Amino acid sequence: MDMVRRTVKQIAYTPPSLWLSTLSASQLSLIPLLSLAASLYSVALRLRHQLYRFNILHKHRLPVPVITVGNLTWGGNGKTPMVEFLARSFAEDGITPLILSRGYGGADEARMLQRQLQGTSVKIGVGANRVATAARFIEQYGFSSSYASFQKPFPEGKTEILSNTDQIGAAILDDGMQHLSMWRDLEIVMVNALMPWGNRQLLPLGPLREPLTALSRADILVIHHSNLVQDKDIDAIESTVQKLNKSVPIFFTIMAPIHFISCQDVSRKVSLSAVENMTVLCLSGIGFADSFVRSIERVLLLCCSI
């Protein structure tokens with residue numbers, strides 16, 4: 001299974017013009033099957049969007065502002081750090097945010113967010129049905145919102161007896177770009193600068209969850225790992241985005257290591273210089289391991305220059 005996964009990933013991130021010269025015969029033999037699956041996926045995707053467009057399928061609106069953090073491609077786009085950043089910012093401003101996560105991979109990301117945000121007012125709900133998860137949390141904690149004309153589908157009794165720090169003031173939809181069943185007020189789209197669009201094909205032939213035209217829905221676009229590529233690569237990404245969404249503001253983020261954390265005691269921080277003159281074994285479980293490798297290489301260069 002791992003071999004198949006690696007093969008599909010290599011095809012997805014190899015431009016079609018280089019398939020014949022780059023891929024092996026066994027890899028090339030998979031392309032017709034992947035192409036058929038991608039075509040079927042495209043039909044299903046268009047049908048789903050039309051069902052929502054004509055209100056055959058309905059979008060649910062929460063009684064609080066909803067921000068989605070999503071992407072067009074699979075893994076490694078910086079969604080989880082962005083969700084943490086937004087949630088912490090809300091909490092510091094006195095607004096209790098509710099993070100809604102589907103809980104992929106045993107909900108590892110949700111547990112990490114819970115650990116990172118411990119001691120704040122942030123609440124985290126995990127479940128495939130994020131509308132139902134949000135309803136459960138809002139019923140339990142109540143809500144505080146500036147939506148004056150909103151038709152409230154949730155019980156209001158709790159909102160009168162809980163403190164403001166308990167009342168949910170905003171919802172953050174983690175990996176929510178394709179979660180069309182929930183109305184959103186702000187759509188943040190993350191792009192991995194190291195591998196923005198792959199071969200520009202839909203899943204499973206390529207890494208795209210939606211066609212690039214979906215960038216037109218973005219209210220904010222964030223180019224992640226912008227420090228790990230050249231200026232010309234950033235310019236190419238901006239050019240692609242602006243052809244589809246001229247007015248979208250574009251921001252840039254980087255992952256900058258600050259310290260290590262002890263495995264025996266996660267509350268103990270260890271200086272980056274601690275690995276100087278040491279042999280280091282690096283293990284990665286993130287969506288795009290190349291960014292982790294490059295970041296570690298920079299840490300080692302930093303340690304050597306101290």
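Methionine 195 is partly exposed, with a relative accessible area of 24%; "partly exposed" sits between buried (under 20% relative accessible area) and exposed (over 50%), using a 1.4 Å probe and protein chains only. This methionine is in the loop between β5 and β6. Leaving out neighbours within four places in sequence, methionine 195 is in contact with Tyr13 and Phe288, where contact means heavy atoms within 4.5 Å. The C-alpha atoms of methionine 195 and aspartate 290 are 9.8 Å apart, although 95 residues separate the two along the chain.

A word on where all this comes from: the model is predicted, so local features need pLDDT of at least 70 and side-chain atom pairs count only at pLDDT 80 or more, while totals for chains, interfaces and linings use all residues. Residues are numbered from 1 along each chain as its sequence is written, and side-chain values use heavy atoms, with hydrogens and water left out.

**The aromatic pair at Tyr13**

The structure holds 2 aromatic pairs; rings of Phe, Tyr and Trp (its six-membered ring) pair if their centres lie within 6.5 Å, and planes under 30 degrees apart count as stacked, over 60 as edge-to-face and the rest as tilted. In one of them, the ring centres of tyrosine 13 and tryptophan 74 are 6.0 Å apart and the planes are at 70°, so this pair is edge-to-face. The two partners are 61 residues apart: tyrosine 13 is in the loop between α1 (2–12) and α2 (19–22), and tryptophan 74 is in the loop between β1 and α4 (79–92). Tyrosine 13 is buried, at a relative accessible area of 15%, whereas tryptophan 74 is partly exposed at 24%.

**The sheet**

Stepping back, the protein has 9 helices and 9 strands; these are DSSP runs numbered from the N terminus, helices being H or I with at least four residues and strands E with at least two. Seven of the strands form an open sheet in the order β3-β2-β4-β1-β5-β6-β7, with parallel pairing (two strands pair if DSSP finds at least two bridges between them). Which strands stand at the edges? They are β3 (123–126) and β7 (250–253), each with a single partner strand, so one side of each has no neighbour in the sheet. Neighbouring strands are turned by 20° against each other on average, direction ignored; axes here are lines fitted to C-alpha atoms, for helices over the stretch in contact, and angles run from 0 to 180 degrees between N-to-C directions.

| Strands | Bridges | Residues standing opposite |
|---|---|---|
| β1 and β4 | 4 bridges | threonine 68 and leucine 173 |
| β1 and β5 | 5 bridges | threonine 68 and glutamate 187 |
| β6 and β7 | 4 bridges | histidine 224 and threonine 253 |

Helix α8 (residues 231–244) packs on this sheet, touching β5 (186–192), β6 and β7, and its direction makes about 145° with that of β7.

Strand β1 (residues 66–71) is well hidden, in that 6 of its 6 residues are buried. In a regular strand, side chains alternate between the two faces of the sheet. For β1, Val66, Thr68 and Gly70 are on one side and Ile67, Val69 and Asn71 on the other, and all are buried.

Over in strand β2 (residues 96–101) there is serine 101, which counts as buried because its relative accessibility is 5%. Residues up to four places away aside, serine 101 touches Ala110, Gly125, Val126, Gly127, Arg130 and Asp174.

**The cores**

In soluble globular proteins, nonpolar side chains tend to be buried together. The largest nonpolar core here has 23 residues, and Leu72, Trp197, Leu215, Leu221, Ile223, Ile237 and Val241 have the most contacts inside it. (Such a core is a set of buried Ala, Val, Leu, Ile, Met, Phe, Trp, Tyr and Cys residues joined through side-chain atoms within 4.5 Å.) β5, β6 and α8 are the elements that give two or more residues to this core, and α8 gives the most, with 3 residues. Leucine 215 touches Leu72, Val189, Trp197, Leu221, Val241, Leu244 and Asn245, again not counting residues up to four places away in sequence. A second, separate core of 16 residues includes Ala87, Leu117, Ile188 and Met190.

Across the protein, buried residues make up 42% of the 306 residues.
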